[in-house]
Amino acid sequence: MTDFAVWAPTPALVALDVDGVSHPMNRGRDGWWHTTLEVAPDARYGYLLDDDPQVLPDPRSARQPDGVHARSALWDDTGLTWTDDNWAGRGVEGAVIYELHIGTFTPAGTFDSAIEKLDHLVGLGVDFVELMPVNAFSGTHGWGYDGVLWYAVHEPYGGPDGLARFIDACHGRGLGVLIDAVFNHFGPSGNYLPRFGPYLAEARNPWGNAVNIDGPDSDEVRRYIIDCALRWMRVFHADGLRLDAVHALVDTTAIHILEELAAETDALATQLGRPLSLIAESDRNDPRTITRRQDGGYGITAQWDDDIHHAIHTAVSGERQGYYADFGSMATLATTLRHGFFHAGTYSSFRRRRHGRPLPIAQIPATRLLAYTCTHDQVGNRALGDRPSQNLAAGQLAVKAALVLFSPYTAMLFMGEEWGALTPFQFFSSHEDPQIARATAEGRKAEFAEHGWDAAEIPDPQDPATFQRSKLDWDQVAGQGHLQLLGVYNALIRLRSDADLADPWLGDLQVDYDEDQRWITMRRGRLVLACNLNDAPVSVPASGEVVLAWGAPRFDEEMMQVPGQSFVVLRTAG
């Protein structure tokens with residue numbers, strides 16, 4: 001016998017449809033409807049609300065074999081075969097994380113084909129794989145941030161069984177797995193949840209209506225979010241989550257949903273006997289996000305730090321448009337590296353207001369902030385989806401990598417950056433609703449046309465060619481220039497295990513720079529990183545044993561000449 005239950009306080013009548021046969025359900029006082037039936041293990045089912053003949057998928061569906069508009073399918077996780085009993089897990093602080101998109105990571109775009117590339121990641125030396133959203137969304141391909149059935153795994157990737165095989169394979173190779181979870185909005189197509197209950201709030205964010213996490217009848221919606229989050233870690237053995245755009249979670253309650261989720265995640269970690277981590281994407285530069293709960297914070301493990309990205313990217317590339325306007329100088333780069341946030345109660349010209357709050361560097365270690373040279377956002381949300389490797393010299397890419405991987409921050413790479421992939425990562429979608437498809441394409445062109453781009457140059461996200469162009473070309477790795485960059489990434493990652501780089505406290509980090517000559521140094525213990533962002537060689541006051549270098553430095557007493565667009569790591573005498 002199978003128990004069916006659905007929270008549906010809005011309709012007056014709910015029936016269960018199993019393979020085309022309707023069965024009445026009983027309503028409880030809490031808005032939950034129940035019934036128990038004997039059905040096939042893989043039965044297709046859905047719900048009928050009031051007198052509407054449309055069969056709706058289960059809001060907590062585990063599997064959608066025919067897409068998000070069709071019936072759900074029963075799926076039993078007890079049938080999964082796991083071989084990761086010896087996986088003890090690890091925390092994300094100080095790790096190297098590798099963000100990837102299943103659909104474009106390999107030509108086939110599935111969990112099983114991604115498994116075939118895991119040995120590359122092991123050889124690179126990364127610690128975690130971070131999957132862009134794998135929840136069910138409308139269409140066959142997309143970034144995954146328009147999910148509408150959060151509990152189901154996108155079927156074209158391989159469904160829930162494929163995800164389990166992938167995570168089991170990662171653990172077998174010593175790789176942790178993080179899953180990108182989107183709880184701030186639902187996608188525009190296939191979201192039937194408002195017909196069941198008050199899942200949406202009146203407040204809006206850039207993607208539509210916000211989720212009702214603090215309004216009337218929001219307790220069950222909060223439970224829907226938290227249960228979903230814990231399920232990725234309990235059922236699928238994920239080692240944590242990346243929480244998308246938490247600044248768009250509108251919560252006025254005394255216990256913020258992030259704090260509640262962090263507490264329940266810690267409890268689950270204790271129950272499972274392995275670390276579990278939550279990483280927030282936050283636009284607020286608010287240290288409370290990563291401050292421990294006992295100290296008055298939300299208790300999130302770590303958060304993305306776009307200020308570090310902006311400071312490094314602009315200093316190396318020279319780009320200064322849009323939200324890059326406040327960045328670009330060596331002083332800004334040094335300030336950001338020393339303090340974690342550049343905007344810390346300071347004026348943001350892009351926002352036209354003060355932004356952020358100072359990071360208490362004596363209380364919060366740098367490992368709770370993620371540093372990176374590119375992400376799916378910082379590449380895919382460019383007009384053409386072009387990567388830094390399509391615009392910068394190899395030496396510039398190496399300098400950016402060194403600034404991230406030598407730093408005390410938790411590091412993150414975006415798939416393909418380690419070899420300087422020349423394929424773009426563009427914004428792509430496959431909305432089945434013609435109106436939504438048209439609006440998505442037209443909105444994308446209009447957005448960038450306002451910033452001076454020729455609308456004709458903007459890739460159509462609905463064009464299948466946009467998706468195909470965004471797939472990694474693994475044949476590029478064998479190219480000489482690509483292999484050289486890959487070797488440097490590997491060496492920088494291995495260097496992070498040096499005892500001198502174990503100190504996570506920004507108060508111990510020494511940063512010096514010269515604005516005119518455009519060099520910058522970071523000292524951590526006896527190790528010193530010297531980067532020359534200039535095209536011409538510069539003299540830097542440093543000496544010692546060369547541990548790693550891009551280019552050939554020359555020494556003259558206490559000075560080191562660093563070639564243009566290159567870096568040197570030295571081990572000093574003391």
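A salt bridge is a side-chain nitrogen of Lys or Arg within 4 Å of a carboxyl oxygen of Asp or Glu. The model described here is predicted, and it holds 25 salt bridges.

One of them joins Asp244 to Arg242, with 2.9 Å between the closest N and O atoms. That distance lies within 4 Å, so the pair counts as a salt bridge. Asp244 has a relative accessible area of 8% and is buried. Arg242 is also buried, at a relative accessible area of 0%.

Arg242 has a further partner in Glu281, where the N to O distance is 3.0 Å. Glu281 is buried, with a relative accessible area of 12%.

Another salt bridge is formed by the side chains of Glu319 and Arg382, at 2.9 Å from N to O. Here too the pair links distant parts of the chain, 63 residues apart. Glu319 lies in the loop between α8 (306-317) and α9 (330-339), and Arg382 in the loop between α10 (376-380) and α11 (394-405). Buried means under 20% relative accessible area, so Glu319 counts as buried at 18%, and so does Arg382 at 17%.

Salt bridges can also share partners. In this way Arg60, Arg223, Asp227 and Glu264 are joined into one network.

Notes
Residues are numbered from 1 along each chain as its sequence is written. This is a predicted model: local features need pLDDT of at least 70, side-chain atom pairs count only at pLDDT 80 or more; totals for chains, interfaces and linings use all residues. Side-chain values use heavy atoms; hydrogens and water are left out. Buried means under 20% relative accessible area, exposed over 50%, partly exposed in between (1.4 Å probe, protein chains only). Helices (H or I, at least four residues) and strands (E, at least two) are DSSP runs, numbered from the N terminus.
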